[in-house]
Amino acid sequence: MLNSGKLLSVRDLVKHFPMAGTSWLKTQTVLRAVDGVSFDINTGETLGLVGESGCGKSTTGRLILRLIEATSGQVQFGAVEVLSCKRQEMRNLRKEMQIIFQDPFASLNPKLTVGDIIREPLDIFKAGPATEREGKVKRLMDVVGLSQQQASRYPSEFSGGQRQRVCIARALALNPKLIICDEPVSALDVSIQAQIVNLLKDLQAEFGLTYLFISHDLSVVKHISDRVAVMYLGRIMEIAAKKQLFKEPRHPYTQALLSAIPVPNPKVNKERIILNGDVPSPMNPPSGCRFNTRCPKTREICRNIVPALVDVGAGHMVACHFADPAAIAS
């Protein structure tokens, strides 16, 4: 991992989606998809963003790229404040920030050949003469493990893993600094997942890429990430270096997630932490700590006061009133 300082800094990012309100009361319900998210990503590293479905992971990635507009907050990319960029500034910035979508079957235009799909970003930004663009398409196909002869084929002629390689080539076309990987392997077979994850790691080493890797699969996140952020109901619960998080999780939600990872050894009897109840609705989240309705360590303070995301040592950030074991005992 390179560590040349922060490339991306997200502060108090919020996205509330207005829902149908009761007009005669003049009130409007909002869905609190992302509700005060903050984290940094260093140049050349991979930050894994994990959590249950519906916790706001993918929405966070799209907010960073301004594929949807934020309600409030700050996104600093290098020296640029992304959320305040004008249209032309944002257009230029998109060359440096790209995304790989979850579903390779839905994110490719079925009417374009694979070569046209990969070349499209180059054409839009007029990146060099046409002959150079054609040459770059061929090089990108080689880089992601596709044959140049496949450039004239259509997405329907490719497997899921091959389509995701096309998506990766398209994301690389403009030489971006940051790539947001939005569950890029969840729609693929397990054997293909490993190939795509290893490809992403190889490309990161070759091109000095920085990743925000969004996933619900902790095993995949453990393999590719340098640091991991755990998200629950629109908020970050814990951020730490990968080894530290998997070895010594401090938040009860993280502990429950890690306990669910299967161990490929029938002789190992792993204790599972079973959470009570269901995830609350993001339209009516609990007061205080978002996790207090399911947490086995809940106290009165948890129901009334939102815990700050604080450093408990060596950059290990936890949003829990009782992150220190001594606090539980007291």
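Mentor: Begin with the terms: helices are DSSP runs of H or I with at least four residues, numbered from the N terminus, and a lining residue has an atom within 4 Å of a point of the pocket. Please note that the model shown here is predicted.

Trainee: Which helices each supply at least two residues of the lining of the second largest pocket?

Mentor: They are α7 (218–224) and α9 (252–259). Of these, α9 gives the most to that lining, with three residues.

Trainee: What volume does the second largest pocket have, and which residues are the closest to its centre?

Mentor: The space in the second largest pocket is about 320 Å³. Its lining comprises 18 residues, and Leu-218, Ala-256, Leu-257, Ala-260 and Arg-272 are the closest to the centre.

Trainee: How does the lining of the second largest pocket divide by class?

Mentor: There are 11 nonpolar, three polar and four charged residues in that lining.

Trainee: What is the volume of the largest pocket, and which residues are the closest to its centre?

Mentor: The largest pocket has a volume of about 440 Å³. Among its 19 lining residues, the closest to the centre are Gln-98, Ile-99, Phe-101, Pro-121 and Arg-170.

Trainee: Which elements each supply at least two residues of the lining of the largest pocket, and which gives the most?

Mentor: At least two residues come from each of β6 (97–100), α3 (114–124) and α5 (160–172). The most come from α3, with four residues. By class, the lining of the largest pocket holds 13 nonpolar, three polar and three charged residues.

Notes:
Residues are numbered from 1 along each chain as its sequence is written. This is a predicted model: local features need pLDDT of at least 70, side-chain atom pairs count only at pLDDT 80 or more; totals for chains, interfaces and linings use all residues. Side-chain values use heavy atoms; hydrogens and water are left out. On a 1 Å grid over the protein atoms alone, a cavity is a set of points where a 1.4 Å probe fits but cannot get out, and a pocket is an open set with protein on both sides within 12 Å along at least five of seven lines; lining residues have an atom within 4 Å of a point. Grid points are joined across faces, edges and corners, and a volume is the space filled by probe spheres set on the points. Ala, Val, Leu, Ile, Met, Phe, Trp, Tyr, Cys and Pro count as nonpolar, Asp, Glu, Lys and Arg as charged, and the others, Gly among them, as polar.
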